Amino acid sequence: QVQLVESGGGSVQAGESLRLSCVASGSISDYSAMGWFRQAPGKEREGVAVSAFRYGATYYAPSVKGRFAISQDMAKNTVYLQMFSLKPEDTAMYYCAAAQGGSWYNTPLRSGAYNYWGQGTQVTVSS
């Protein structure tokens with residue numbers, strides 16, 4: 001059974017940084033893409049950053065581009081989300097997700113394209 005376990009969330013002040021980690025139970029090379037999504041109360045889940053490491057491609061939501069960076073450590077089966085210059089509007093539950101196959105090709109930030117999900121880690125940014 002696939003397990004994705006997120007960690008690294010917390011409460012920070014605006015302008016500070018956090019790094020989220022997502023550890024997979026198996027090899028992340030089994031997936032065609034992995035990414036981070038977030039959901040704030042009363043809002044839909046949105047794609048934040050995706051790494052299609054087989055293809056050397058990354059995708060970012062416009063709201064985080066230039067501030068967030070997704071990366072992976074294949075040896076540790078871990079995907080990271082480094083978040084800089086955090087803003088109060090970044091406050092949300094952050095989820096790690098993984099996709100098998102090519103359902104994400106045309107819309108890599110669409111949550112419905114991903115097969116497996118973690119339980120989430122909360123990020124709260126205060127002004």
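How many bridges join β3 to strand β8, and in which direction do the two run? I looked this up in what is a predicted model, and I found six bridges between β3 and β8 (residues 78–83), with the two strands running antiparallel.

I then turned to the other partner of β3 and noted that strand β1 (residues 4–7) is joined to β3 by four bridges, again in an antiparallel arrangement. I followed C22 of β3 in both directions: E6 stands opposite C22, while in β8 the bridge partner of C22 is V79. For strand β3 itself, residues 18–24, I recorded that five of the seven residues are buried, so the strand is mostly covered under the cut-off of under 20% relative accessible area.

Next I looked up the nonpolar cores. The largest has 28 residues, and I listed M34, W36, F68, V79, L81, M83 and Y94 as those with the most contacts inside it. Strands β3, β4 (33–39), β5 (46–52), β7 (68–73), β8, β9 (92–99) and β11 (121–126) each supply at least two residues of this core. I also noted a second, separate core of 10 residues, which includes A33, A99, W104 and A113.

I went back to M34 and, leaving aside neighbours within four places in sequence, found it in contact with residues including L4, C22, I28, V50, F53, I70, V79 and C96.

Last, I checked the largest pocket, which holds about 180 Å³ of space.

Key: Residues are numbered from 1 along each chain as its sequence is written. This is a predicted model: local features need pLDDT of at least 70, side-chain atom pairs count only at pLDDT 80 or more; totals for chains, interfaces and linings use all residues. Side-chain values use heavy atoms; hydrogens and water are left out. Buried means under 20% relative accessible area, exposed over 50%, partly exposed in between (1.4 Å probe, protein chains only). Two strands pair if DSSP finds at least two bridges between them. A nonpolar core is a set of buried Ala, Val, Leu, Ile, Met, Phe, Trp, Tyr and Cys residues joined through side-chain atoms within 4.5 Å. Contact means heavy atoms within 4.5 Å. On a 1 Å grid over the protein atoms alone, a cavity is a set of points where a 1.4 Å probe fits but cannot get out, and a pocket is an open set with protein on both sides within 12 Å along at least five of seven lines; lining residues have an atom within 4 Å of a point. Grid points are joined across faces, edges and corners, and a volume is the space filled by probe spheres set on the points.
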